[in-house]
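This report describes the architecture, surface and charge pairing of the protein shown below.

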Amino acid sequence: MDIFCKIIKGESPCYKIYEDDDVLAFLDISQKYFGHTLVVPKKHFANTLDCDDEILKKVILATKKIAKHYVDDCGVSGVNILNNNGKEAGQMVEHLHYHIIPQGKECKGKEKMDFVEQQKILKLN
């Protein structure tokens, strides 16, 4: 079982940003960027290439919703949305996930902000 499955099952803690019946999004505590968020399906798929189309659609729409929230409601001027498929492509955890990385001058200096504070700023209610 990978770390994302453990987070989804509640066996490992996370700083939740968004959740619905099929998707969970949380802050990536292994990264140094303000607001670096991971969006994952609750059902395990290794990557985009083996994901069921309906679930993939839900993950991508949730990714868009969160990224738009960051820009429209959280004062971020832009975002990177990234996805790696397979170890050779840089995928570190074999569980489908999309990265949302807020960008802009308003993010500078917030890299060391506590994750609880980042969650308060970015959480989508």
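## Fold and contacts

Among contacts in the protein between residues at least 6 apart in sequence, what percentage join residues at least 24 apart? The share is 60%, where a contact means heavy atoms within 4.5 Å.

The model is predicted: local features require pLDDT of at least 70 and side-chain atom pairs count only at pLDDT 80 or more, whereas totals for chains, interfaces and linings use all residues. Residues are numbered from 1 along each chain as its sequence is written, and side-chain values use heavy atoms, with hydrogens and water left out.

Three helices and five strands form the secondary structure, in the order α-β-β-β-α-β-β-α from the N terminus. These elements are DSSP runs numbered from the N terminus (helices: H or I, at least four residues; strands: E, at least two).

## Dimensions and surface

The radius of gyration of the protein is 14 Å, in agreement with the value near 14 Å for a compact globule of 125 residues. This radius is taken over C-alpha atoms, and the globule rule is 2.2 Å times the number of residues to the power 0.38. Along the principal axes, the C-alpha atoms fill a box of roughly 35 × 30 × 25 Å.

Of the 125 residues, 43% are buried (buried: under 20% relative accessible area; exposed: over 50%; partly exposed: in between; 1.4 Å probe, protein chains only). The accessible surface comes to about 7,200 Å², with carbon and sulfur atoms contributing 51%; areas come from the Shrake-Rupley method with a 1.4 Å probe, and for residues only the protein chains shown count as cover.

## Salt bridges

There are five salt bridges, each defined as a side-chain nitrogen of Lys or Arg within 4 Å of a carboxyl oxygen of Asp or Glu. Asp-22 and Lys-58 form one of them, with an N to O distance of 3.0 Å. This pair links distant parts of the chain, 36 residues apart: Asp-22 lies in the loop between β1 (16-19) and β2 (23-27), and Lys-58 in helix α2 (residues 53-73). Asp-22 is partly exposed at 24% relative accessibility, as is Lys-58 at 37%.

Within helix α2, Asp-72 and Lys-68 are four residues apart, or about one helical turn, and their side chains meet at 2.7 Å, N to O. In helix α3 (residues 115-122), Glu-117 and Lys-120 are three residues apart, again about one helical turn. A network of salt bridges with shared partners joins Lys-16, Glu-19 and Lys-42.
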